[in-house]
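Please have the sequence and the 3D structure at hand.

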Amino acid sequence: MSERITRDEVAHVAGLARLKLTDDELDRFTGQLAGVLEHAADIAELDLDDVPPTSHPLGLRNVFRPDVRRPTLDRDEVLASAPSVEDGRFRVPPTLGDAL
Amino acid sequence: MNDTALSIAASVRSGERTARAVIEEHLETIAAKEPELHAFNRVTADAALEAADEVDRRVSQGEDPGPLAGVPIALKDNICTRGVPTTCSSKILEGWRPPYDATVVTKVAEAGAITIGKTNLDEFAMGSSTENSAFGPTRNPLDPTRVPGGSSGGSAAAVAAGFAPVSLGSDTGGSIRQPAALCGVVGVKPTYGAVSRFGLVAFASSLDQIGPFATTVADAALLYEVIGGHDPNDSTSMPGPALGVAKALDEGVEGLRVGLVSEMMGGVIEGIDEQILARTRDAADALAAAGAKVEEVSVPAAVYGLTAYYLIAPCEASSNLARFDGVRYGLRVDAATTAEMNIATRTAGFGPEVKRRIMLGTYALSAGYYDAYYGKAQKVRTLISRDFAAAYENFDVLLSPTSPDVAFELDAKTSDPLTMYLNDVLTIPSNLAGHPAMSVPYGTGEHGLPVGVQVMAPALGEAVMFQVGAALERSAS
């Protein structure tokens with residue numbers, strides 16, 4: 001299916017997943033992910049060109065509801081569980097500018 | 001054996017005893033055994049007593065609080081409860097109090113049930129032993145040196161220990177059925193879409209289902225009927241009301257066609273304990289003696305289930321868990337920029353197994369790999385569904401063991417993720433196919449520990465599944 005996953009690839013994937021791994025974790029995860037992915041060889045051999053993929057097991061699709069206004073979550077109750085709040089909004093550290 | 005939900009509800013509705021007395025009794029059991037077992041992340045004693053008084057007030061005024069009147073229920077801690085911390089046994093949800101109830105929570109409350117606590121799980125339901133909890137493992141009430149299974153290990157242990165006659169769990173690859181088997185209780189994974197998942201913290205959205213644990217098949221049927229039915233808040237939920245199943249319990253199995261899945265009976269899928277296979281054959285024999293036609297049947301693609309699952313579930317998890325970024329709820333580890341804060345929060349908040357699965361899923365979905373991994377696994381899923389559909393043309397239900405092992409000792413399988421993943425090899429195919437499946441206790445295996453037999457039925461075939469489950473329960477006792 002593909003070549004064995006490398007330590008560099010694992011480090012790259014950690015970045016994509018917004019995780020920071022220690023050197024020990026990188027070593028361990030490289031071996032463990034390779035172990036799991038090796039099992040994918042079981043299905044790599046199958047000829048599946050004419051088989052459609054399944055996303056919903058029972059094939060339910062296009063679910064609609066009446067387009068009517070409904071109450072939403074209470075803003076204060078939602079914000080009460082947020083790590084940081086200002087003026088009724090979620091507050092975050094700088095995303096642009098000098099801090100970057 | 002402790003009181004069943006049916007007997008508690010009957011006595012509370014008739015005024016024979018109070019809901020408060022029922023709750024106090026269960027809180028005493030919890031006080032005695034919980035310190036050793038750690039089934040709960042939180043016991044909601046005060047709220048439970050308050051709810052009990054409300055049930056008693058309604059009874060005293062001649063009202064009927066519902067079919068679960070005064071019944072204590074334990075909820076897996078990935079099911080949202082308004083104002084009550086919902087942790088998923090993860091540090092990343094620290095401090096979060098959901099601003100709404102899951103639909104199943106609303107439904108059980110409307111039926112008169114009383115939430116007694118939130119149960120421990122493998123972090124974000126990823127695991128098969130409840131050892132991956134940020135708050136420490138749960139122990140098996142039948143032998144505290146052993147695991148209760150997982151990921152709904154706390155919910156299974158709570159029922160087995162008599163903390164509550166019923167509980168709710170979630171099952172993505174076997175997380176209700178496997179712990180039910182290991183704790184000697186009944187566990188049900190409904191048809192995909194039969195029970196609303198609104199308010200269930202998502203793990204793998206094309207697989208997750210909420211379902212009941214109970215000490216008896218009849219109690220599981222009662223709870224199933226309460227939680228089932230369409231929910232406009234869950235676009236994956238099936239149209240129509242809850243399926244009626246309780247009426248099927250006493251129908252017997254005369255003339256039913258029962259298929260023993262040959263791939264799951266040793267030989268093809270390896271590593272299934274001999275005594276567990278023997279109990280499963282005993283169960284098949286008992287159904288035959290009760291009038292069912294039992295034959296072996298092949299479901300060839302079931303052998304690819306584990307591989308397909310360990311691609312599909314991590315891919316969906318990596319996407320679902322992207323929402324835990326320190327912005328809107330739970331933990332935040334401060335940093336100079338938002339991007340650094342996201343990384344610091346996720347790195348500190350997620351445990352090793354969750355990180356492993358996020359990494360696996362992120363890799364398998366990344367550019368150049370999507371078709372080879374997720375795409376291919378979704379096609380394998382179609383093969384599995386087709387093979388089950390073919391089997392159901394000739395059989396009303398299918399039978400197999402639930403778990404390849406009885407309850408194992410703590411730390412026995414923690415060193416190698418693949419060894420742990422193999423626990424789900426017999427339960428995963430049902431999640432991939434979307435059909436209902438349940439585990440019913442059937443005798444004992446090694447060390448006198450309980451064995452679970454799995455009954456599978458076609459999609460929306462819960463009635464016949466419960467019918468066979470009830471027959472197995474009668475023959476086991």
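How many residues does the contact take from chain A and from chain B?

## The contact between the chains

The contact takes 48 residues from chain A and 58 residues from chain B; two residues are in contact if their C-beta atoms, placed from the backbone, lie within 7 Å. On the side of chain A that touches chain B, 32 residues are nonpolar, 10 polar and 6 charged. Here Ala, Val, Leu, Ile, Met, Phe, Trp, Tyr, Cys and Pro count as nonpolar, Asp, Glu, Lys and Arg as charged, and the others, Gly among them, as polar. Helix 2 of chain A gives the most to this side, with 6 residues.

## Numbering and model

This is a predicted model, in which local features need pLDDT of at least 70 and side-chain atom pairs count only at pLDDT 80 or more, while totals for chains, interfaces and linings use all residues. Residues are numbered from 1 along each chain as its sequence is written, and chains are lettered from A and ligands numbered from 1 in the order in which they are written.

## Chain A

Chain A has 4 helices and 2 strands, in the order α-α-α-α-β-β along the sequence. Helices (H or I, at least four residues) and strands (E, at least two) are DSSP runs, numbered from the N terminus.

Buried residues make up 18% of the 100 residues in chain A; a residue is buried if 20 or more other C-beta atoms, placed from the backbone, lie within 10 Å of its own. The C-alpha atoms of chain A fill a box of roughly 55 × 45 × 25 Å, taken along the principal axes.

Methods. A residue is buried if 20 or more other C-beta atoms lie within 10 Å of its own, exposed if 12 or fewer, and partly exposed in between; C-beta atoms are placed from the backbone.
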